[in-house]
Amino acid sequence: MEQAFARVGLNQFISGYFCQANLGIAKGEPEFLPAILAKIHADKSSTYMVGDSLTKDVMPALNAGIQSIWFRRNSSELAPSGVRVISSLIELSA
């Protein structure tokens, strides 16, 4: 996972990597995102989930009460109400 972020130059912005191997909970399980918030001592009201999958990233975050940003590249699906949509990571700084 770290190598993938390094390849696209994002590793400088990432301070933690979470997956089933280090959490003991699989992505997509309802406990996954709350477990990450607990590990990083973050409040869901001040946290954003940025993901490229509507079903695996955006919807689980919304269900956990976390604000979501959908990195939609080649989809014609409509975003759920209240979800910001970006097509480039540079848009995160706007």
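Modeller: E77 counts as partly exposed, because its relative accessibility is 43%, where buried means under 20% relative accessible area, exposed over 50% and partly exposed in between, with a 1.4 Å probe and protein chains only. This is a predicted model, in which local features need pLDDT of at least 70 and side-chain atom pairs count only at pLDDT 80 or more, whereas totals for chains, interfaces and linings use all residues. Residues are numbered from 1 along each chain as its sequence is written, and side-chain values use heavy atoms, with hydrogens and water left out.

E77 sits in the loop that connects strand 2 (67-71) with strand 3 (84-86); helices (H or I, at least four residues) and strands (E, at least two) are DSSP runs numbered from the N terminus. Leaving aside residues up to four places away in sequence, E77 touches L54, W70 and R72, contact meaning heavy atoms within 4.5 Å. Between the C-alpha atoms of E77 and L54, which are 23 residues apart along the chain, the separation is 8.8 Å.

The sheet itself is open and has three strands in the order 1-2-3, with parallel pairing; two strands pair if DSSP finds at least two bridges between them. Its edge strands, strand 1 (48-51) and strand 3, each pair on one side only. Strand 1 and strand 2 run parallel and are joined by four bridges, and V50 has I69 in strand 2 as its bridge partner.
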